[in-house]
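Trainee: Can we go through this one together? I'd like to take it piece by piece.
Mentor: Fine, here it is.

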Amino acid sequence: MFALVAGIYIHIPFCRKACYYCNFHFSTSFQIREEMIQAMLKEISLQAAYLKNQSIETIYFGGGTPSALPTENLQQLLEEVKTNFKVIGDAEVTLEANPDDITVESLKQWKEIGINRLSIGIQAFQDELLTNWNRSHSSAQGLSAIALAQEAGFGNITADLIYGGPGLTDEDWLSNIQRLVDSDIPHISSYALTVEPNTVLAHQIKKGTSSEPDDELANHQYEILQAKLKEAGFIQYEVSNFAKPGMESKHNKNYWTGAHYLGIGPSAHSFDGVSRQWNIANNVKYIKALESGEIPFEKEELTKTQQFNELVMTGLRTSMGIDAQRIAILGESYTSYLKSEIQYHMDQGKIVINAEGNYSLKPAYYFFADGIASDLFFVEAAPETDLS
Amino acid sequence: MKNFRNFCVIAHIDHGKSTLSDRLLEITKTVSMRDMKAQTLDNMDIERERGITIKSHAIQLYYTRPNGEVFTLNLIDTPGHVDFSYEVSRSIAACEGALLLVDATQGIQAQTISNLYLAIEHNLEIIPVLNKIDMPNAMVEEVTDQIIDLVGIPKSDIILASGKTGEGVDKILEAIVEFIPPPKGDPAAPLQALIFDSVFNSFRGVIAYYRIFNGTIKKGEKVRFVNTGNEYHADEVGVLQMSQVPKNELSAGNVGYIITGIKESKEIKVGDTITVAAHPCKEAIKGFEDVKPMVFAGLYPIQNEDFEDLRDSLEKLQLNDASLVYEPETSIALGFGFRCGFLGMLHLEIIQERLSREFNQEVITTVPNVSYRAYTKRTGLMVINTPNDLPDPTMVDYIEEPYIHAQVITKPEYIGAIMTLALEKRGNLTHQHYLTTTRVELSFDLPLAEIVFDFYDRLKSISRGYASFDYAPKDYRKSDLVKLDILLNGEPVDALSSLVHREKADAFGRKICAKLKELIPKQQFVIAIQAAIGAKVIARETISAMRKDVTAKCYGGDITRKRKLLEKQKEGKKKMRQIGNVDVPQKTFFEVLKLD
Ligand SMILES: Nc1nc2c(ncn2[C@@H]2O[C@H](COP(=O)(O)OP(=O)(O)OP(=O)(O)O)[C@@H](O)[C@H]2O)c(=O)[nH]1
Ligand code: SF4
Ligand SMILES: [Mg+2]
């Protein structure tokens, strides 16, 4: 069987400003920050049994903007996790941080409470773009943030970049990649700008004040990204994630390999191998429920077929590929179904069997991972209906 | 028998037949208040969702007169839409009378007239009902006058009613008993029962609905179907109430069902006569005229191997829809399928939906067309039901297309707009007749091909709903037609070919290419769409290649949502058909003609 590793995700639902493209769950009002922390602390203790005593290898503060919280709040949450769970000694503890929150002082504090990995939301080094997206920081802040973090002794740093959006030329894009490469950080995540429903960006496009991201451009800039980072010694281990050898995000990798995780905070998702559950995405309702001792969540039990589909979907996105062992556990019929369905894509040279013995998508086809995944999905036939 | 009454409810679409039937069921306590819902008789899902009646529905009621006398009433609720008028005509054959409903807010409409004449031709006693009088905009006086003019009866014979409030329903029941004659016939004579409808039930086999004209049908007896000559054991006979109620026997004048254990749909035919094998009747009752389909389209299974299943489903569906006709055909693009005839586009849509819902058969429908006649130099007349049957132009002497005679009833202020539309559709006005000062009837001769596709919707919109429309086939006329082919990446797709009038070919070709561009999803390569007449390309569009389908982020919170999205996408893909190397969604062929 598998070494059971598990992770904890802590969702901090506050941001200083709303980025125009973002549809994560957050609020720009910090007024109920204290109540929120209390509620989250309570949720942690209520969920102490969720991961069935598995060792916790990773803790991830995401959001929202966790770096916008006072450090003592982060510390409280971490302590509560450690009290209720078996956290291993060298656990990966990541904090998402926006450049404008990164100072000598904050870095020192984070280090003290045990944060050992930073995920910095750089996005771009063009002030005009940052303003267009309503980011809370400048390009200069982005550059100095990385340097400060390194000086403070954070070696394990990742930064985010956005491509494929209107206004980002190929020259801009090349120089953004180059800057991160030059800064010598060991991990980069990069996302195509997407238009999510109910965002300012979606509204602007509808009104015609912003143009739609162009898939052609996104594809082209993605190819630049892949080539540049390969050249710089990064390994692409997922559609949007690149790392120097050994520096992958353990936490994120767990999502794609079917490991169990517990999500704390409004909108956070949890997975225990057979069911998925997600907390309500509403700060006030979340707090109210926890004040009365209840966790407000919805839950879905995964059928074997759904588990299969998820393994295919996430597996295709990673260099590890579709985990053959896990598929086998679901049953022989799934293995043989996959084998017969995937042949077409293998014949087309899009999918290969990798060193681990798994089917994996060639990086050149990552941009079509969703379509191929849905091709391979198993959908149960609709039940026979009777005419009576 | 003197206490039996058989009648149907007929009207223009939406004039309230099914709602008034509800009140009749209610007042006679045929349905308990608890089981009552709006349009109870519309029991098919499609009927309930669309709010229209598609099938005639027969049901038996017991009515107790104020004097205590009890009557058995067989009611048949019929559809109003022109595509289903064959249902009306078969129902009429089982009845002695008809309630003719007229919506007091709408007045006489095109199908009010056509259904009335159907009933009169069959010597039915007509009871006119002015319905929906509860509505504030009811035009009681005006519509009463229209009815007097049309039916030629005294004002006092028109019943004012509301299917909503139940007002007048007691009077309707009394009129049914008073005016509709009891059925004639001799219960002791040899059995003659006319099958007017049937349905396939997966547990019980074929169930036939009939009206007995003479004789008695008994459970357990051996019966013979006169036209097919087949004999069966009457396993169960009974009457149609909210459910089927078994009886030991039914006699002349009654309406009922029979189950004989027939599993093969082919063995039974609507319009056949049932008799008793031991004392057969001398002759069959005159059945129904075969319906003439108005529109033809190919139906193909999405997976080739489902062809036999599709045949089986069509057979079963035909039992319940005697107006459906089909024969096998092949298409280069789609493989083996059936060329089917329909009474109109709504009928086509309903068949497609019923195949999916009732038989789990997803089908691809080719571009619909009407039936043409080609006169060739060598072989003479050829009937062309699919564009691919059209011989090479050099072989053809001339082609004829079907024309219809259409009646449009409208308000005088819309005459201009309707004439313009008719002209655009290559029609000509043959007659104009004022029914009253505010209602005018326009008659046109129009090519059938021009009206089956979007005429009705256009008519409704230009007249703001104040125009109704009815038509009947008239004749065939010479026409300058060309075959328009569609090519995907250079490959002609026969299922998308159509026959069009030469003058309209360019515009039509451009529209069809644009519409295909909308309907076919981007794929990993560029797709060229071309419309061509012979070797000459007259329109083209390009679908650019898909360059990305993945979303960049997929962390813990995204997985469920994304899986569901892709599962849905997969369902959609199962409904695509590969033509050449292009994936074409199921609905494309049918939707492509919805041009505006
Ligand atoms: N106010 C009012 N509305 C009515 C009355 N009768 C029917 N309706 C409404 O008119 C619409 C059509 O009613 P139906 O009973 O479905 O009409 P129909 O004649 O059976 O329609 P088809 O079978 O499709 O031809 C529905 O929305 C009814 O609620 C009535 O007497 N008064
Ligand atoms: S800071 Fe991050 S979470 Fe907050 S709005 Fe911007 S992108 Fe979204
Ligand atoms: Mg109805």
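Mentor: Start with the hairpin of β2(B) and β3(B): five residues lie between the strands, and B:G68 there takes a positive phi near 95°. Keep in mind that this is a predicted model.

Trainee: How many bridges join β2(B) to β3(B), and do they run parallel or antiparallel?
Mentor: There are eight bridges, and the two strands run antiparallel.

Trainee: What sheet do they belong to?
Mentor: An open one of six strands in chain B, ordered β2-β3-β1-β4-β5-β6, with mixed pairing.

Trainee: Which are the edge strands?
Mentor: In chain B these are β2 (57-64) and β6 (159-160), each of which pairs on one side only.

Trainee: And β1 with β3, which sense is that?
Mentor: Parallel: β1 (residues 4-11) and β3 (residues 70-77) of chain B pair over six bridges. B:R5 has B:L73 as its bridge partner in β3(B).

Trainee: How many bridges join β4 to β5 in chain B?
Mentor: Seven, between β4 (residues 97-103) and β5 (residues 125-131), and these strands of chain B run parallel. Across that pair, B:A98 stands opposite B:I126 in β5(B).

Trainee: Which strands does helix α5 of chain B touch?
Mentor: Helix α5 (residues 140-151) packs on the sheet and touches β4, β5 and β6 of chain B. The direction of α5 makes about 165° with that of β5(B).

Trainee: Switching to the ligands. What's around ligand 1?
Mentor: A shell of 21 residues, the closest being B:G16, B:S18, B:I52, B:T53 and B:G80.

Trainee: Which element gives the largest share of that shell?
Mentor: Helix α1 (residues 17-27) of chain B, with three residues.

Trainee: And by class, how does the ligand 1 shell divide?
Mentor: Eleven residues are polar, five are nonpolar and five are charged.

Trainee: What about ligand 2, which residues surround it?
Mentor: They come from chain A: A:C15, A:A18, A:C19, A:C22, A:F24, A:F26, A:G63, A:G64, A:T65, A:N98 and A:G121. The ligand 2 shell has six nonpolar and five polar residues, and no charged ones.

Trainee: At what angle do α14 of chain A and α13 of chain B cross?
Mentor: The axes of α14 (residues 369-376) of chain A and α13 (residues 559-574) of chain B come within 8 Å and cross at roughly 65°. That makes α14(A) roughly perpendicular to α13(B).

Trainee: Is the crossing of α14(A) and α13(B) left-handed or right-handed?
Mentor: Right-handed.

Trainee: Which residues make the contact?
Mentor: From α14(A), A:D370, A:A373, A:S374 and A:D375; from α13(B), B:L566, B:Q569, B:K570 and B:K573. By class, this contact of α14(A) with α13(B) has four charged, two polar and two nonpolar residues.

Technical notes: Residues numbered from 1 in each chain as written. Chains lettered and ligands numbered in written order. Predicted model: local features only at pLDDT ≥ 70, side-chain atom pairs only at ≥ 80, totals over all residues. Near = placed C-beta within 6 Å. Helix = DSSP H or I, 4+ residues; strand = E, 2+ residues; numbered from the N terminus. Nonpolar A, V, L, I, M, F, W, Y, C, P; charged D, E, K, R; others polar. Axes fitted to C-alpha atoms, helices over the stretch in contact; angles between N-to-C directions. Parallel < 35°, antiparallel > 145°, perpendicular 65-115°, else oblique. Left-handed = near helix turned anticlockwise from the far one by under 90°. Contact = placed C-beta atoms within 7 Å. Pairing = 2+ DSSP bridges.
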